[in-house]
Structure formats: C-alpha cells, structure tokens
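Me: I have a new model open and want to learn how to read it. Can we go through the features one at a time?

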Amino acid sequence: FALPLSLEINEVLKLWLVTPPVFCAPIAMAVMLRVCVLKITDGYWMAILGSGRGVMIYCWLFGCADLSLLLIAMVVFACGFGMWSVVCGYAFSSIIVLLARIMCGRVFVQMSVKGWLIDVMIPLSAVSIASLAVGAISRLSFDASLGRVLLSTVFCEAMFVSLCWKHVLKTEERAILARKVSGLTCFLGLTKRLA
C-alpha cells in the first residue's frame, strides 16, 4: 500500500481532496514511513511483551521515542523550517522508535539485530526499491490520472509480491501462505455453491 501511494501521493491527494493543503504530501509520506517502521519491527514488541522481561523499560523507551516527535518538531520549527518541522519530527522519531525496538529486543529477548537486518530489512529494502522502480515506469510514461495511479499500483504490487515470494519469504512461510490461499479459495467455492 505504501509503495504505490508514495509514487502517486500528489495525484491521489488531488483526486481525493481536489485542492490538497500545502505540505499535505510530505506529511502523508512521513506518516507512511512511521507506519512502515512500526510494522517491520512488530516482532520485537510482540516478543518483549510475550516474554514479560523488560516490559516497563520498553514501554518507557517507546513512549519517550513517541514524544520525541513533538520535541524534534518544536526544535526544527524554532529554527525556522515551518511545516518541514512536522516531517522532520515524524522521520527522526521513526528512526528513534526503530532503534529503541531493536535494542530492547536485543537486550530483553536476545533477538539478533544482524539476523533482522539480513532476514528482514535488507531483502525488504531491495524488493521495495525494485518495486518503486517498476512502478515509476508508468508514472514517467503517462499523464497524471486515475488510470496512471491504478497502473502504477498494479506494476508496483505485482513486482513486490513476486519478489517477496521468491526472495523474502522462507520455504515454510510460502507453504503457510499457500495453505491459507487454498483454504480461502475452498471457502469461496463453498459459499458460491451454497448461494
């Protein structure tokens, strides 16, 4: 969702809001970055809370990292950067949250930072860059329109899913997904027969 939207954020905002407010696109991108950082580190908080070790310290650090958004935004705004302060606040606090989660995971539940980088971050980054490059083809080839947004989304998602299937997911993860998809198709086939 975030990859094609980041490519077409200006057009999507124009289609949705007609005349989007100034700085709407950079702020939306910063919020999406924050959501992505939180999602790719979900395993850390689940493991920490599940283990029960260091929960109070983790919650304290995570709360401070969240509050850093406001502090950073205020400092950048005081330096005269206007609305860029919100973008900087989101971006820097996202990095702080990422580091806090990884460090807490390492300390409290012995989760490997190197393993996370090798198994999650590097493959997802490479797949995301390749997907954005493919999605940018339609963005650069056609005039701004709803059709271009849809085409960019299809290109980007097709590349992302196929590369994730081949290079990010492990064999057992692919098997689990295949079972879920086959179970869903069986369920859909059953509901069609009942209707």
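What follows is a walk through the fold, the salt bridges and a few backbone angles.

Me: Before I start, what kind of model is this?

Reply: This is a predicted model. Keep that in mind throughout.

Me: How many helices and strands does the chain have?

Reply: Start with the element count. The chain has nine helices and zero strands. Read from the N terminus, the order is α-α-α-α-α-α-α-α-α.

Me: What does the C-alpha trace span along its principal axes?

Reply: The spans are about 60 × 45 × 35 Å. The accessible surface of the chain comes to about 12200 Å². Carbon and sulfur atoms hold 76% of that surface.

Me: What share of the residues is buried?

Reply: Buried means under 20% relative accessible area. Of the 195 residues in the chain, 30% are buried. Then look at contacts. Among those with a separation of 6 or more, 68% join residues 24 or more positions apart.

Me: How do I read a single helix? Which residues of α2 are buried?

Reply: Begin with the general idea. An α-helix has 3.6 residues a turn, so residues three or four places apart point the same way. Now the case. Helix α2 covers residues 9–17, and I9, E11 and L13 are buried there.

Me: What covers the buried residues of α2?

Reply: The cover includes α1 (2–7), α3 (24–40) and α8 (146–168).

Me: Where do I look for a nonpolar patch on the surface?

Reply: Look at L15, L146 and L150, which form one. Together they have about 290 Å² of accessible area. L150 is found in helix α8.

Me: Now charges. How many positive and negative side chains are there?

Reply: The chain has 16 positive and 9 negative side chains. The centres of the two sets lie 7 Å apart.

Me: How many salt bridges does a search of the whole structure find?

Reply: The general idea is simple. Side chains of opposite charge can pair when their charged atoms come close. A search of the whole structure finds five salt bridges.

Me: Show me one. Which side chain meets E8 in a salt bridge?

Reply: The partner of E8 is R148, at 2.8 Å from N to O. E8 lies in the loop between α1 and α2 and R148 in helix α8, so the pair ties together parts that are 140 residues apart in sequence.

Me: Are E8 and R148 buried or exposed?

Reply: Check each relative accessibility against the 20% cut-off. E8 is at 1%, so it counts as buried. R148 is at 10%, so it counts as buried too.

Me: Which residues are linked in a network of salt bridges?

Reply: K39, D42 and R101 are linked that way. Take the pairs in turn. K39 bridges to D42, with the closest N and O atoms 3.8 Å apart. R101 also bridges to D42, and there the closest N and O atoms are 3.7 Å apart.

Me: Is K39 buried or exposed?

Reply: K39 is exposed, with a relative accessible area of 58%. D42 is buried at 15%. R101 counts as buried at 5%.

Me: What does R101 touch?

Reply: Leave out residues up to four places away in sequence. R101 then touches L38, T41, D42, Y44, W45, I48, Y58 and F62.

Me: How do I read phi? Which residues should I check?

Reply: Look for positive values in residues other than glycine. F23 is not a glycine, yet its phi is positive, about 70 degrees. F23 is in the loop between α2 and α3. At 23% relative accessibility, F23 counts as partly exposed. Q110 also has a positive phi, near 55 degrees. Q110 is found in the loop between α6 and α7 (113–141). V18 follows α2, and its phi is positive, near 65 degrees.

Me: One distance to finish. How far apart are the C-alpha atoms of G147 and L98?

Reply: They are separated by 36 Å, and the two residues are 49 residues apart along the chain. G147 lies in helix α8. G147 is partly exposed, with a relative accessible area of 43%.

Notes. Residues are numbered from 1 along each chain as its sequence is written. This is a predicted model: local features need pLDDT of at least 70, side-chain atom pairs count only at pLDDT 80 or more; totals for chains, interfaces and linings use all residues. Side-chain values use heavy atoms; hydrogens and water are left out. Helices (H or I, at least four residues) and strands (E, at least two) are DSSP runs, numbered from the N terminus. Buried means under 20% relative accessible area, exposed over 50%, partly exposed in between (1.4 Å probe, protein chains only). Contact means heavy atoms within 4.5 Å. Accessible areas come from the Shrake-Rupley method with a 1.4 Å probe; for residues, only the protein chains shown count as cover. Lys and Arg count as positive and Asp and Glu as negative; His and the chain ends are not counted. The place of a charge is taken as NZ of Lys, CZ of Arg, CG of Asp or CD of Glu. Patches are made of residues with over 30% relative accessible area and no salt bridge: like charges are joined within 9 Å, nonpolar side chains (Val, Leu, Ile, Met, Phe, Trp, Tyr) within 5 Å. A salt bridge is a side-chain nitrogen of Lys or Arg within 4 Å of a carboxyl oxygen of Asp or Glu.
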